[in-house]
Each structure stands twice: as structure tokens, then as C-alpha cells.
Amino acid sequence: MEHERNGHDERNGHDDRNGREGRGPRELCLVTGPGGYIGGRLVPELLTAGYEVRCLARTPAHLRDHPWAGEVETVRGDVTDPGSLRPALRGVRVAYYLVHSMSSGRDFVERDRRAARTFAAEARAAGVRRIVYLGGLTPADVPDEDLSPHLSSRAEVGRILLASGVPTTVLRAAVVIGSGSASFEMLRYLTERLPVMVTPSWVSTRVQPIAVRDVLRYLVGSARMPDDVNRAFDIGGPDVLTYRQMMERYATVARLPRRLILPVPMLTPGLSSHWIGLVTPVPAALARPLAESLRHEVVCAEHDIAAYVPDPPGSPLGFDRALALALQRVRDAQVVTRWSSAATPGAPSDPLPTDPDWAGGSLYTDERRQPVEAPPDALWQVIEGIGGENGWYSFPLAWAVRGWFDRLVGGVGLRRGRRDATRLRVGDALDFWRVEEIQRGRMLRLRAEMRVPGLAWLEMYAEEDGQGRTHYRQRALFHPRGLAGHLYWWSVAPFHAVVFGGMARRIARTAEKRPR
């Protein structure tokens, strides 16, 4: 087994700490999207390389539980808001642009275009020395209008940043392989769950995957490019494979029996995205752009990046080695960030209101209280371990049906699981919830991201009364949206005694059974 400190894991492995002496003031980097899959991994790599880091986040509280939170400056802002970008970019030498829309609909292209233009203009006005952008690898012989909307939008964002007047590095990657990445999770679940697969025709498309550690190495190294470099670079690993070969290689690395793969041409990207959504934790809304990006061959046309960011021995990492390292991290429960770390498109993001008459409407509650013959810390371990493989402690069929229904209407469903088996942090996705607040040892608040006609939260408390007795308190809250919201609450209210009441009792009993 290999650990992060030896440099042979998914991380960059780059360590520039010995070169800090005599460098003078540490240069400041701004990271946008620090709560996302790549951003959350890039921040510690930049710190290790000796940079100061400032994070731009719409909700800074979501970053507070990251191990590096105390080493960075965090500012509230949005890439579409010039007023928040100006102070965020002040004094910045290198700005990392790692935000993009994974939602669908007609407005995401214009939203991405407006955000890129705003960021480019403010970066130039602030005197930023370099912008670094991670985009998607596009085929050279396919015009933009024939690309998927998401790939076309990524390409346009790259062109906007290159024309900003600020020297820009655009890194173009295809499939990123690393523990928790959407591409890895899609590959993993399709291969593990389906010994016989009826697959769309894009499984025969050639792609050039890249390990996440190499992506991070190129991102960090791009900060040092000369000022006269303003261009895009293709980045990829040493292997060019069809998606079918990737699934076969995964089965070999994971020591699974040989898979039978049967391509079916009539499975369009839209249909295959729903198929992916049913089989894997990746929801159809995210699976669609991933599937659409595989319609065309995406193979690097050059490897010019090596002239500016030299490849150390053994790099770029081969596909099989990247898979093995990702699988080891999953098995060791050491997944640093996941595809679900970023906000889910279309999911509610409003915090729990402190005013019962918030927004002038109702706030329904279902509250349960249960005595627990166990110390509060034993109860807290059960609370913090909820969800994922541990389940929700009541009526599993009801939770499963609710998850399947959410999938059918385009939601995230119940299969996102947990980033870590025992510990949560603010901002983590947890099945069809997201962690909104944690008071360690006392309270966990989850915000619903399933499709409901309103906003919903679930709170769980480990409490101790004045006589030293432990109590479990649970509170479900729902703010209805319109008549549909009120009808929804009253239609499910008869089942609360079974679902929420059973949940409270079983959480208490589980805590009582834990070793003292």
C-alpha cells in the first residue's frame, strides 16, 4: 500500500518546500471552485509548492472543514459578480479558473460565457500575471457546432480567457481518472455492476485518459510559465483506449471476471445518460455531458506542455496504474474530493431559515425525541456515520423507493453515498442530502437535494440533560413551494411515524449497542 507522503499516490507528488528559502515574498494564487473535485485537490498542492492561496467561494462556510482551511484566505464571491471579483483578485499573480456549469437547459452556455468574460476583464484590470484554465479536450477536425453543447462551451471559455490580455494557459483534458472523479465512478460502477453490458456505440470511441495526479502537476507547473506563453495545451496519459478497452482493463485491475460487452448503435447519448443514471451514482444530468463528450475521438494532438512542465520519471501515469491507485484510495476510505463535492445543478441551496415565517410562508416540522442508554459520543458516532453503506436506520424499502423516484424525475437519487465512511464535513454530499452544518459531537444538519416542491432539512442532535442522561433529538423541516408543496407534505405525513419515528428509535438502539 502506498501513502501520500511518498509521492506515489493520486496527488501531484511535487514538493517545492526546499526551494522556498531566498524566494522572497510568497506569490499569491486565487483558486475559483475550491469546493469542487479538482479545486479541492489543487489547493493543498499549491500550498505544498510554496504559494499563498486565496479561495473564492459563494459559501465560504463549506470550506471550513477541509484540512487546509486554516492555511488559506477565503473570500465570498462569484465569478459573475465584478464587485466580488475585484477584492478577490487584488494582489493575485496566478488565477485558476476551475468553474463551469454541468447543468442543462438553454441558459448554461450564456452563463458560462458571461462568467468567463467577467473574470477575464477583472483579472486584466487587477494586473494578474497569468490565468490557468482546465477545459475539455476537443477533436481538432470537428467544428464547434458539431460538438456537444458542454464541450463547445468549454472551448469557447478557453478562447475568451486567451483573448483577455492576460497570459493564459488552457489545459485540455479528456477523461480524468482518480478516486471520486465522475469519469472514474461511471467506469467503476458500470464495470462492477454489469457482468453483461448492452452499451451505446460510443464505447468504441478512442479517448486518452489522464490520472488526476498528472492534471494537478500540470496545473501547479503552469503557474511558472513565461509571460509570453498564451496558448492551449493538450494533456493526457500515455494510453489511448476505447471506452470498451477501459472497462475491460478496469475489470482486470479490479480482479473481476471478464465482462461481456454488446454495443447497440441505437442507444443515443440521451438514452445512455439515463441508463448510466440507473446503474451508477452519477445522475443523468451529469452523465449526459460525459456521454456526449465521447461521441468524438478525443486524443492529444501534441505534448508541448512537457517543454514547460517536464514529466518526471514514470509520468504521465499509465491507465492501469491510475486505476490501481484510485481503487486503493476508495478501499482505504481516503477519497479527498468527489464529483459530488461541487454543488448539484438545480438543487436548492437556501440555508435553513431562522425566522419561522421565512419568505412569508409555512415551515412544517416533524420532531422526535428518544432517550439513549449510551454516552453522547457513542450517539454522535452513529449520527455522523449515517447514510451511504450504513443506510438511514428505518424502512429501507421506503428510502430506496424515494431514491428511485428521484432518479426518474431527474434528481440525484440515493446512491451518491459518502465521501468518507465515518467523518463528514460541511458541504459533503450524503446520498440525496448535503451537509449544511455540523457542530461536532452535538448537531448535524442536512439539506435535501432530492426533487421536492419546496425546501427540506433534516437535523439530528446528541444531547445531554441536566441529570447526565443522553437524548437523541431529530427534526425534519419543510418549507413548501405553492399548493404542490403543501399537498406533498400532507401526502407523506402519514408515513412519518414509520420513517422518522423508526429512524429515531433505531439510531438510539444502535448507539446503545456500541462498545462502551
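Does Phe-233 count as buried or exposed? With a relative accessibility of 0%, Phe-233 counts as buried, where buried means under 20% relative accessible area, exposed over 50% and partly exposed in between (1.4 Å probe, protein chains only). The model is a predicted one, in which local features need pLDDT of at least 70, side-chain atom pairs count only at pLDDT 80 or more, and totals for chains, interfaces and linings use all residues. Residues are numbered from 1 along each chain as its sequence is written, and side-chain values use heavy atoms, with hydrogens and water left out.

The structure holds 10 aromatic pairs. Rings of Phe, Tyr and Trp (its six-membered ring) pair if their centres lie within 6.5 Å; planes under 30 degrees apart count as stacked, over 60 as edge-to-face and the rest as tilted. Phe-233 and Tyr-308 have ring centres 5.7 Å apart and planes at 70 degrees, so this pair is edge-to-face. The pair links distant parts of the chain, 75 residues apart: Phe-233 is in strand β11 (residues 231-234), and Tyr-308 is in the loop between α9 (284-292) and α10 (319-331). Helices (H or I, at least four residues) and strands (E, at least two) are DSSP runs, numbered from the N terminus. Tyr-308 has a relative accessible area of 36% and is partly exposed.

Phe-233 also has a charge over its ring: the charged end of Arg-231 sits there, 4.2 Å from the ring centre. The criterion is NZ of Lys or CZ of Arg within 6 Å of the ring centre and within 35 degrees of the ring normal. Arg-473 places its charged end over the ring of Tyr-461, 3.9 Å from the centre. Elsewhere, Tyr-364, Phe-478, Tyr-488, Trp-489 and Trp-490 form one aromatic cluster.

Next comes a pocket. On a 1 Å grid over the protein atoms alone, a pocket is an open set of points with protein on both sides within 12 Å along at least five of seven lines, and lining residues have an atom within 4 Å of a point. The second largest pocket is lined by 36 residues, with Tyr-189, Gly-388, Glu-389, Gly-417 and Arg-418 nearest its centre. Helix α12 gives the most to this lining, six residues.

For the chain as a whole, there are 14 helices and 19 strands. Of its 516 residues, 56% are buried.

Terms used. On a 1 Å grid over the protein atoms alone, a cavity is a set of points where a 1.4 Å probe fits but cannot get out, and a pocket is an open set with protein on both sides within 12 Å along at least five of seven lines; lining residues have an atom within 4 Å of a point.
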